[in-house]
Structures are given as structure tokens and as C-alpha cells.
Amino acid sequence: MSAYAELPVKIEAFVLNRLGGELKILLMKRSEADGGFWQPITGTLEFDESLRSCLLRELREETGIVDVESISPEIYRFSWQKKDYTVVELVYAIETRTNNVVLSAEHVEYRWCAPEEAMNTLEKENNKMALGRLLEHLN
């Protein structure tokens, strides 16, 4: 049995599509009870779950998207303090050919953004750093 109620490993996934020939990035707005800020898909790695399985599960749970074209290698990682332990967050990109999103209870709004709009919409510095790395990786 682990000392943690959950693993101290989180994933963050920037969902991309190129419908209409332009790169769009999906951002989700958390409910006010959860902070009310914009972010990419995030979630906690479960015990006995692979990173790929976690990414696909969180994508499905938070957006309803199951149509995945590709998942990038890890593009960035950062850590942050949660209570009395450090959480490591691993960042990926997931490409899809859909723009249909079904919101979960965690989120109240979503937006497909051009890269500059996504950068301006994100509020958390770690999310902006991760998006910057993703955009470097894509160029």
C-alpha cells in the first residue's frame, strides 16, 4: 500500500487538431469550485496504469474524445508542492481529427485556440512554459 492517497504523478495533455489547415489547441476552463482557470487536459496517474493509458483515459473523461491520431513523446515536465509532497507533472501533446467536445463536471467551458490565443488564455506559468516547449517542438 502506498503512503499516498494518489500517486504524485500527473499528466498534462495539449490536445491539438489541424481541421481547416490551421493548428488549434484545446483549452478547458475549470469550474469555479476548482479554481475557474483555463488549462489543458490534466489528471493523475493511477496505480498500475501506463502513461499512455492515463493520457487516453483523461482525454476521454474530460472531453469525450476517443479519436486519437498520435501522442507525442514527453515534451516537458515540472513539479509543484501539494500539501507535504512534491507532484511531478509530465506534459504531452495529443493530436485528434475531431473538434467535438463533451464537457465533464470538472469544466464549464472549452475553447479551440490558435497558439497565440492559447498562450494568452493560460494563467498558470507552468502551463505557459509547457505550451512554449510544445510550440518549439512543433516548429
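**Charges, fold and core**

Modeller: Start with charge: the protein carries 16 positive and 24 negative side chains, and the centres of the two sets lie 1 Å apart. Keep in mind that this is a predicted model.

Colleague: Which residues count as positive and which as negative here?

Modeller: Lys and Arg are the positive ones, Asp and Glu the negative ones. His and the chain ends are not counted.

Colleague: How do you know that the radius of gyration agrees with a compact globule?

Modeller: A compact globule with 139 residues would have a radius of gyration near 14 Å; the protein has 14 Å, so the two agree. The C-alpha atoms fill a box of roughly 50 × 30 × 25 Å along the principal axes.

Colleague: What share of the contacts joins residues at least 24 apart?

Modeller: It is 67%, taken among contacts between residues at least 6 apart in sequence.

Colleague: Why is Ile25 called buried?

Modeller: Buried means under 20% relative accessible area. Ile25 has 0% relative accessibility, so Ile25 counts as buried. Ile25 sits in strand 2.

Colleague: What does Ile25 touch, leaving aside residues up to four places away in sequence?

Modeller: Its contacts include Phe14, Val15 and Leu16. Arg111, Trp112, Cys113, Pro115 and Ala118 are also among them.

Colleague: What makes a set of residues a nonpolar core?

Modeller: The members must be buried, of the listed nonpolar types, and joined through side-chain atoms within 4.5 Å. The largest such core has 18 residues. Phe14, Leu16, Ile25, Leu27, Val91, Leu131 and Leu134 touch the most other members.

Colleague: Which elements each supply at least two residues of this core?

Modeller: Strand 1 (9–17), strand 2 (24–30), strand 6 (76–82), strand 7 (85–95) and helix 3 (125–138). Helix 3 gives the largest share, 4 residues. Apart from this core lies another, of 16 residues, with Ile11, Ala13, Val15 and Tyr92 among them.

Colleague: Thr121 next. Why is Thr121 called buried?

Modeller: The cut-off is under 20%. Thr121 is at 13% relative accessibility, so Thr121 counts as buried. Its place is in helix 2 (residues 115–121). Beyond residues up to four places away in sequence, Thr121 touches Leu27, Trp38 and Arg111.

Colleague: Why is Asp48 called exposed?

Modeller: Exposed means over 50%. Asp48 reaches 87% relative accessibility, so Asp48 counts as exposed. Asp48 lies in the loop between strand 4 (41–44) and helix 1 (51–63). Its phi is near 60°, a positive value in a residue other than glycine.

Colleague: Is Lys83 buried or exposed?

Modeller: At 75% relative accessibility, Lys83 is above the cut-off and therefore counts as exposed. Lys83 belongs to the loop between strand 6 and strand 7. Lys83 is not a glycine, yet has a positive phi of about 55°.

Colleague: How much of the protein is buried?

Modeller: Buried residues make up 45% of the 139 residues. The accessible surface comes to about 7,500 Å², and 47% of that belongs to carbon and sulfur atoms.

Methods:
Residues are numbered from 1 along each chain as its sequence is written. This is a predicted model: local features need pLDDT of at least 70, side-chain atom pairs count only at pLDDT 80 or more; totals for chains, interfaces and linings use all residues. Side-chain values use heavy atoms; hydrogens and water are left out. Buried means under 20% relative accessible area, exposed over 50%, partly exposed in between (1.4 Å probe, protein chains only). Contact means heavy atoms within 4.5 Å. The radius of gyration is taken over C-alpha atoms; the globule rule is 2.2 Å times the number of residues to the power 0.38. Accessible areas come from the Shrake-Rupley method with a 1.4 Å probe; for residues, only the protein chains shown count as cover. The place of a charge is taken as NZ of Lys, CZ of Arg, CG of Asp or CD of Glu.
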